Each structure stands twice: as structure tokens, then as C-alpha cells.
Amino acid sequence: MTLRDRLDKVHGGWIALLGVLILSPDALLLRLINADDFSTAFWRLGFLSMALLLVAVWNGSKRGDSVLQSIIPARYEILTGLFYGGTCTLFMFSVRNTDAANTLIIIAATPLLAGLIGVFVFKRAQPMRTWVASVVVFVALLGLFSAGFGGANALGDMLALGASMCMAGYFNVLGAKPEVNAIKGMLFGACMATLFLFPIAEPLSPVGLDWAWLLILGFWVLPVSFLLIAHASRKIPAAEVSLIMLNEAILGSFLVWLFVNEVPDEMTFISGAVVITTLVVHSILGLRASKRARAAA
């Protein structure tokens, strides 16, 4: 029995939770790396590109595709790749330029942002609960941004918002175009971001344990977590995936606090509590609506 066959027999919620658990140390590992931001981003995405290349070629060989057929992206795979590369790059720079909790809280709002993009770009209708939740989260994030405006966290908070927008675009394209090969798109995005960063990075600047953390990020944390979450999203409702992914904001912040003693300030606690509570209620209501719709059908 192959790994895919085994995963197909597991409930999607457990697969998504496993993906979130693997992803949670991302912010902590970025905090532990001493190399400069550009070199860290270069190697993080470079190792991720290598891992995705192996996965893409392996999947292609099972389909009987050549190496080029396995990795060359189509039009919408290029678009998803650009969004994915932007997400990975901006997330890294955000974590390094603001409190990790700020980044994770802002990223947690991605499902609502994705819903709004779906309305204005893809003309998808959204229920009233999404609009109400979006307003509440917007006010909470506004408080978070205003607290750090002009301070040391301002740049990192804005980069986190950019990462969230890129991730929302990524999920919207995948939702609108189910034929898109996510691995090809991720590979393209990671490669393009790596090439972009190469001229401004200092590839030999990482030292000692930096290499271990970068290898763990590039070959384990990023590819495995995203592939598991993507697999789960095909088995369970998006609302359930969003609810499970909120654990990353909690677990990721806890790990950074535990190992590097980075304590979020009062506004981060308040904004985070509002955002997470709102998203939990929104996801639960979404799951109930999905169950009612399936029962009616």
C-alpha cells in the first residue's frame, strides 16, 4: 500500500492537523537562524525548490511523464507559483522584522481575505457571516497595525499582510482552477523567488546550526506541511481546514515564547484573541451550513 493510499483512508481533519503541527515550528526556526535575512530566504527557498523538484519528478515518473513534462508549469500554475513564492518570501521577512505572534495572527486572517478576493475578483457570493467576520477581523488588525505604526514592528506587520494577500490569491486560484497541479506551481514559485534573491544574498553567510535549521525548513517543514494541508483540503470542507489551521498561530507563537522568550505585547494578545475567536465562530458556522446543505441534498 502506497503512502497516498494510506492517506486516503485517514480523515482529512487528522491530515490537516498533522500538516499544521509540522508547519508550526517555522517561525521559531527562522528566529534561531543567525544569517542575514536575504541569505536565510535564499537558502530556505532554495532547499524547498530542491525538495519540490524531487516530488514533482517522482510524481511525473509515476504518470509516465518526462522530466520536463513533470516540472514545466501551465499558465495558471505559473500564477499560483507567483502567489506561493510571494507567500513564502514575505512570511520569512515578516517574521524577522516583527513579533512572530503578529505575523501568525495576520496570516490567520487569510481565509477571510481569500473570501473577499473571491467576491471582487472571481464574483463568488459570500454569506453574511463572512462579511461580519471580515469587519471584526479588520478592526482587530487595524488595532494591531496602529499599535506598531512607525515603530520597529511596522515593516514586519505590513510584510505579513502582503504574505496573507499572496496566500489568499494562491487559494483562490486553486479553488477556481481545480485542474492546476499544485506541486508544479509551488516549484515554479520557489524557484523564481530563489533566483530573485540570489544576487542580493550572501550564500556562504550561514554558519553552524544555521544549516541544520535551513535544511529542516526546506526539506521537511515547508513541503511536507503544505502537501498535507493541500491533500486535506480535497477531503474536508474549507471551513474545517481553516479552523484547524488556526492552531498554527497558537502553537507557533507558543514555541517562539517557549524557546526564545519572545512575549507578545498587550495589543497583540487582544487583537489575536479577537481574530482567533472570530475565525473559530466563523468556521463553526460554516461547517454547520455545509452539513445542512449536504443533508438537504
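Student: Let's start with the pair α6 and α10: does α6 pass α10 in a left-handed or a right-handed crossing?
Tutor: Happy to start there, keeping in mind that this is a predicted model. The two helices are α6, residues 75–95, and α10, residues 154–176. The way α6 passes α10 is left-handed.

Student: How are α6 and α10 oriented to each other, roughly parallel or roughly antiparallel?
Tutor: Their axes come within 8 Å and cross at roughly 155 degrees. Angles over 145 degrees count as roughly antiparallel. The angle therefore makes α6, relative to α10, roughly antiparallel.

Student: Which residues of α10 are met by residues of α6?
Tutor: On the α6 side, the residues include Tyr-76, Phe-83, Tyr-84, Phe-91 and Phe-93. Across from α6, the α10 residues that take part are Gly-156, Leu-159, Ala-160, Gly-162, Ala-163, Cys-166, Met-167, Gly-169, Tyr-170, Val-173 and Leu-174.

Student: Now to another pair: how are α7 and α14 oriented to each other, roughly parallel or roughly antiparallel?
Tutor: The axes of α7 (residues 100–108) and α14 come within 10 Å, and they cross at roughly 25 degrees. Angles under 35 degrees count as roughly parallel. So α7 and α14 are roughly parallel.

Student: Which residues of α14 make the contact with α7?
Tutor: The crossing of these two helices is left-handed. From α7, the contact uses Ala-101, Asn-102, Ile-105 and Ala-108. Their partners in α14 are Thr-268, Gly-272, Val-275 and Leu-279.

Student: How many of the residues of α7 are buried?
Tutor: The list of buried residues in α7 runs through Ala-100, Ala-101, Asn-102, Thr-103, Leu-104, Ile-105, Ile-106, Ile-107 and Ala-108. The helix is mostly covered, and the count of buried residues is nine of nine.

Student: Which residue caps the N-terminal end of α14?
Tutor: Helix α14 covers residues 266–296, and its 45 Å from first to last C-alpha is close to the 45 Å expected. At its N-terminal end, the backbone nitrogen of Met-267 has a side-chain oxygen 3.3 Å away. The residue that supplies this oxygen is Asp-265.

Student: And at the start of α4, which residue has a side-chain oxygen that reaches to the backbone nitrogen of Phe-38?
Tutor: Helix α4 spans residues 37–63, and its end C-alpha atoms are 39 Å apart, which agrees with the 39 Å its 27 residues should span. It is followed by Gly-64, with a positive phi near 85 degrees. At the start of α4, the oxygen comes to within 3.2 Å of the Phe-38 nitrogen, and it belongs to Asp-36.

Student: What is the separation of the C-alpha atoms of Asp-36 and Pro-206?
Tutor: Pro-206 sits in the loop between α11 and α12, and it is buried, with a relative accessible area of 3%. Its contacts beyond four places in sequence are Ala-35, Trp-43, Trp-211 and Leu-214. Although Pro-206 and Asp-36 are 170 residues apart along the chain, their C-alpha atoms are separated by 8.0 Å.

Student: Which residues is Asp-26 in contact with, leaving aside neighbours within four places in sequence?
Tutor: Asp-26 belongs to helix α3. It counts as buried, at 3% relative accessibility. Its contacts are Arg-44, Phe-91, Leu-217, Val-221 and Leu-222.

Student: Which residue has its backbone oxygen 2.7 Å from a polar side-chain atom of Ser-24?
Tutor: Ser-24 is in the loop between α2 and α3, and at 3% relative accessibility it counts as buried. Further along the chain, Ser-24 is in contact with Glu-248, Leu-251, Gly-252 and Leu-255. The backbone oxygen at 2.7 Å is that of Val-20.

Student: Last one: what is the phi of Asn-261 near?
Tutor: Asn-261 lies in the loop between α13 and α14, and it is exposed, with a relative accessible area of 58%. Its phi is positive in a residue other than glycine, and the value is near 55 degrees.

How values were computed:
Residues numbered from 1 in each chain as written. Predicted model: local features only at pLDDT ≥ 70, side-chain atom pairs only at ≥ 80, totals over all residues. Heavy atoms only, no water. Helix = DSSP H or I, 4+ residues; strand = E, 2+ residues; numbered from the N terminus. Expected span 1.5 Å × (residues − 1). Polar contact = N/O pair within 3.5 Å; in protein donor to acceptor, adjacent residues only side chain to side chain. Axes fitted to C-alpha atoms, helices over the stretch in contact; angles between N-to-C directions. Parallel < 35°, antiparallel > 145°, perpendicular 65-115°, else oblique. Left-handed = near helix turned anticlockwise from the far one by under 90°. Contact = heavy atoms within 4.5 Å. Buried < 20%, exposed > 50% of the residue type's maximum accessible area, 1.4 Å probe, protein only.
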